[in-house]
Amino acid sequence: MLRIRRKIRLETERLTLRAPIHSDFRTWSNLRYESAEFLTKWEPTWSPDHLTRKAFTNRVYWAQRSINSDSAVPLFLERRSDGALLGAITLDNIRRGPAQTGTLGYWVGQQHARHGYMSEAIAAMVHFAFERLDLSRLEAACLPENKASRGLLERTGFKYEGVAQSYLQIDGRWRTHVLYSALRMDRRGRTDAG
């Protein structure tokens, strides 16, 4: 059986966004390990094998299957100047038909935070989702106390929509999240609610 492998590569001023590959394992695992304390308070609990080669291999295969099936677009952020891996962004839960929507998630290594890299990546992913994937709506959620993530979403054009009770398990317990969205044809004004 012939399998079509779609390649997605997005370029920004400072970044290349591309699918993970097997040779990223050591760089990815080191970045995640070094940033563990910074990341784990905002993410679902890491499995005991989270940083292993086997888990990463499964992640690479999942990424390629997801891209090929048009169900998700998981991409790594690579700095163009030196090829450093900075983090990742994923457009997941892509729904077609009358919905035409997807959910945005992202993380960045602690030493690369607050340098504008994720703003650049989100802008590229939003453009790709609306122009190339023909989506109409993107959703994102974060913990209410995650001021950095909330500010990032607002700076990149996402608007506050409300609260989702017990939305995700973070650090082993169900946590309420604030919800944001970006619309392709957005005529909503700025929201200060929440």
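**View 1. V126 and its contacts in the predicted model.** Leaving aside residues up to four places away in sequence, V126 touches L138 and F158. The structure shown here is a predicted model, and V126 belongs to its helix α4. V126 counts as buried because its relative accessibility is 14%, and buried means under 20%. Look also for G157: its C-alpha atom is separated from that of V126 by 9.5 Å, although the two residues are 31 apart along the chain.

**View 2. The largest nonpolar core.** Here we meet F158 again, this time as one of the residues with the most contacts inside the largest nonpolar core. V73, I89 and L91 share that description, and the core has 51 residues. Helix α4 supplies the largest share of this core, with 10 residues.

**View 3. Helix α5 and what covers its buried residues.** Helix α5 runs through residues 147-155, and S149, R150, G151, L152 and L153 are buried in this helix. The elements covering these buried residues include helix α4 (117-132) and the strands β5 (101-108), β6 (137-142), β7 (159-170) and β8 (173-183).

**View 4. G157, following helix α5.** To finish, find G157, which follows α5. The phi angle of G157 is positive, near 95 degrees.

Notes
Residues numbered from 1 in each chain as written. Predicted model: local features only at pLDDT ≥ 70, side-chain atom pairs only at ≥ 80, totals over all residues. Heavy atoms only, no water. Buried < 20%, exposed > 50% of the residue type's maximum accessible area, 1.4 Å probe, protein only. Helix = DSSP H or I, 4+ residues; strand = E, 2+ residues; numbered from the N terminus. Contact = heavy atoms within 4.5 Å. Core = buried A, V, L, I, M, F, W, Y, C linked by side-chain atoms within 4.5 Å.
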